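Work through the exercises below with the structure in view, and try each task before you read its solution.

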Amino acid sequence: MAGPWKHVGSVLDGNSVINKGDRAAPWAPTVIAVDGIYYCYYSVSRAGCRDSAVGVATSNSPGPGNWHDHGVVVQTGTGNGSDIAPYTDSNAIDPATYWKGIYQVPLAKDLISPLSTTEPDARHLAYEPNKGGSPNRKATSVCGDPTGPHPIEGAFMSWHDGFYYLWFSHGKCCNLDKNNLPPAGEEYSIRVGRSKSPRGPFIDKAGKDLVEGGGTVIYGSNGETYAPGGQGVIRVGETDVLYYHYQNKTVGVSFSDAFLGFNPLKYVNGWPVAQP
């Protein structure tokens, strides 16, 4: 994992087939492999708006050059199905963020479409009820939450010793102004809750439901590491490893200044602890 890493290509050779947002640069990918097929779920959106979609591409190899873009899995803001809850008040990126927090929707057996387009059986897994600042005075129900930002995103689920762990990023992220950083503790941090069921409810170490604003901080700013988030967990041998992006304030806090970091995890009384 320490590299060196080499860029070998892209999943999509051109724009996403989804006609929304930043379709030339889809982002927040998650790849799974099922029965020899690789599924890459990705996001398209416009910053600050929830006119977004989660798309999927498939391939028989994880490398570049042979991916087929199937387009929309779910979408919010506009488009087919966006008028059905929870798509009416959520933001379909990685897989849901800000607005009303993180939702979970069952997929069909093909893994490229929801199990139901009319009754999605969604579960609300995590939410930040406290607004992280004042709303933009021009905020609408699509661009800018009129109730103010609710900074929670980047859902990722892992499993360890009988528990499912829901990881998420909390706080303000990315392309920050080094002369006007968020108040200490309001920048990105990596948080988690756990459940015996992959459908929740997920509870933090203090016993608080993630939907009620819970979330145990597993990794936050420290030393030269600032605002870690966008996390995932990978199994390396017998060890779970937490990986994430972060800023180094001695270098800069723009998008282009981001680094990839990782820390092994150990579990204490069933709760993950990031190791140096």
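**Exercise 1.** Find which ring Arg194 lies over, and then look for a Lys whose charged end sits over that ring.

Solution. Begin with Arg194, which lies over the face of Phe163 at 3.9 Å from the ring centre. A charge sits over a ring if NZ of Lys or CZ of Arg is within 6 Å of the ring centre and within 35 degrees of the ring normal. Next, turn to Lys196, whose charged end sits over the ring of Phe163, 4.3 Å from its centre. Keep in mind that this is a predicted model, in which local features need pLDDT of at least 70 and side-chain atom pairs count only at pLDDT 80 or more, while totals for chains, interfaces and linings use all residues. Residues are numbered from 1 along each chain as its sequence is written, and side-chain values use heavy atoms, with hydrogens and water left out.

**Exercise 2.** Locate Gly270, decide whether Gly270 is buried or exposed or in between, and list its contacts beyond its sequence neighbours.

Solution. First, Gly270 is found in the loop between strand E13 (259-268) and strand E14 (271-274), where strands are DSSP runs of E with at least two residues, numbered from the N terminus. Second, its relative accessible area is 23%, and Gly270 is therefore partly exposed, since buried means under 20%, exposed over 50% and partly exposed in between (1.4 Å probe, protein chains only). Third, leaving aside neighbours within four places in sequence, Gly270 is in contact (heavy atoms within 4.5 Å) with Tyr165 and Arg194. Finally, the C-alpha atoms of Gly270 and His160 are separated by 8.5 Å, although these residues are 110 residues apart along the chain.

Definitions and conventions
Helices (H or I, at least four residues) and strands (E, at least two) are DSSP runs, numbered from the N terminus.
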